[in-house]
Amino acid sequence: MKKVLALALITYREGIRNRSVFGIVLFSLFIFGLNIAVAGFFMRDVGKVTVDMNLSALSVAGLLLVFFVGVNLMAKDIDRKTIHLVLSKPISRVEYIWGKYFGILFFILASMAVLFVLSCFTVLLLKGMYADYFGQFSWLVFSLAAFFVFVKVAVLAGIVVFFSSITSNSFITLVFSICAFIVGVSIEEVVFYLRSAFAAQEAAISGSLRSFIEAISYFVPNLAAFDFKTEAAHGLPLAWDRLGLSLGYAAAYVVVLLLLASFIFRRREFN
Amino acid sequence: MAIIALQKVSKTYNPGLFKKKVLAVSELSLEVTRGEVFGLIGPNGAGKSSTIRMLLGLIRPDSGSITFLDRPLEDADIQSKIGYLPENPYLYDHLTLEELLAFSGRASGLSSKETSSRGGELMEKLAMTEVRKRPLRTFSKGMLQRAGICFALLHDPSVVILDEPMSGLDPIGRKMVFDLVTDLKSQGKTIFFCSHILTDVERLCDRIGVMVGGRLIRILDRDAFAESSGPALHLLVAPLSEDQRRTIEPLVSDIAEERDHHVVSLPTAALANVSEQLKTLGVEIRGSRSDRLSLEEIFMQAVEENR
């Protein structure tokens, strides 16, 4: 565990000192500022728009962090052969995978925690300015929704580590990870549609296509399970069992991904 | 006792679909004993780096066996006993040398106190103390190489594997690394290294393996070097008068005239006698050279023979 943490620590430092992080934080600040500037245009919906914009900014920042900084934290190690140096130390390949994942996770957690605090200031400011339109707003639901944005990014970090373990090029890892994200956010709706009465009337959807998408849905992450933006925007209560289920799903998905990555990585050769 | 032993090790790379397989190492057998400095030389693509990667377990041989202290590589826990410096080490851009060494220490199971004292010692030896808090991305190529050496040697390994340790270093850096390797040698460490700088290999190594096209074609040891010396010795002396020339001619094999001196060629055994005679005649000896073949010449010969 000491070695995993040692590796996680240098991965975290390497990530947090990357200049792109400042760009991503500035981008989020711009969105928060924009939110303050345009909030008055939305009248009664100002509370909903504020929550929606803040959570969306957190989500986009998280995606940028994991895809443009997180990918480099592991894939570049393999690309640039830094891994030769690391694996020449008494660190097993399994420890390497877990160390890298925890490093990326700590880095995303730290960055998103800062962004969340900034986001809270924005909400606090707008809540003070337009108190009448924040009647249904709940700090708890907003915080939980923001936490699940982090959970979604943590799952994507697992996907990045998985693809880094099977490819030796950071660009390919990035492309595969983005594809997995796109499929992941839309798969739930596609499956719902296929199971609906409307889809049954569509002649163009063959049985084999239906089975294929059903099968795929078990492999790709259902990222919609971590989206609580609507509930946060409308101040709707969140069921704890649903939250627990989503969290359990994320943890199980990441553990399976990392076990698979470890299995592949142990057999891999590094030229 | 052999620390590292390779028995008929072969490795082929598969560059991808529809591409011909590349034979990197073929039937390589060699042994490196305790306290020995073994140098591996060869042209680019000879299989030196592949051999090192197989030793480190980064790639697996297709056939043959590699043992470390008589145990198969997989069971040998080799990483805790070796220090490795790759050619052109790519280190973490945003870390400082101090943080990199702290990681190396933790990964090797050292305490923070041990890491800091050993790290300080190595940084001092390699003149890196002043830059220890600077991000590695600001380092020059030579500084990165020296940082890589600190990283490799932090846990005081008994076996050191160096891939082109002098690459990218200026003469001062080369001298530092050279002294460090000599120091490691005097401590009884086993050193396995590849280099293109043959003079360094010649000066440092007890044995030298020559690899060409994935095959080990020759192993030279100190005795083989002595044998490679020619029988003649050449003394560079001040210009000789006719009388002086006549006196020493019967004792030597040849006297030739070069720009502002004469070159007296003689069998090595006649050196004492001839130098005594030259002293009596008052002839100044300005220098000497031998017929000894340099490693470069031996290397070029071996490569040519095996093309």
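Start in chain B: select Ala5(B) and look across to Glu31(B), which stands opposite in β2(B). Bear in mind that this is a predicted model.

Now widen the selection to the strands themselves. Take β1 (residues 2–13) and β2 (residues 22–33) of chain B. The two pair in the antiparallel sense, over 8 bridges.

For a landmark, pick Leu6(B): Ile66(B) in β4(B) is opposite.

Move to chain A. Show α2 (residues 19–38) and α5 (residues 93–129). Their axes lie 10 Å apart, at an angle of about 15 degrees. Angles under 35 degrees count as roughly parallel, and α2(A) and α5(A) are therefore roughly parallel to each other. Their crossing is right-handed.

From α2(A), select Val21(A), Val25(A), Ser28(A), Leu29(A), Phe32(A), Asn35(A) and Ile36(A). They meet a set in α5(A) that includes Ser111(A), Val114(A), Leu118(A), Thr122(A) and Leu126(A). Which classes make up this contact? There are 10 nonpolar and 5 polar residues, and no charged ones.

Last stop: where the chains touch. Chain A brings 21 residues to the contact and chain B brings 24. On the chain A side, select α1 (2–16) and α4 (82–87), the elements that give two or more residues. Which of the elements gives the most to this side? It is α1(A), with 6 residues. Color the chain A side by class to finish: 7 nonpolar, 5 polar and 9 charged.

How values were computed: Residues numbered from 1 in each chain as written. Chains lettered and ligands numbered in written order. Predicted model: local features only at pLDDT ≥ 70, side-chain atom pairs only at ≥ 80, totals over all residues. Axes fitted to C-alpha atoms, helices over the stretch in contact; angles between N-to-C directions. Helix = DSSP H or I, 4+ residues; strand = E, 2+ residues; numbered from the N terminus. Parallel < 35°, antiparallel > 145°, perpendicular 65-115°, else oblique. Left-handed = near helix turned anticlockwise from the far one by under 90°. Contact = placed C-beta atoms within 7 Å. Nonpolar A, V, L, I, M, F, W, Y, C, P; charged D, E, K, R; others polar. Pairing = 2+ DSSP bridges.
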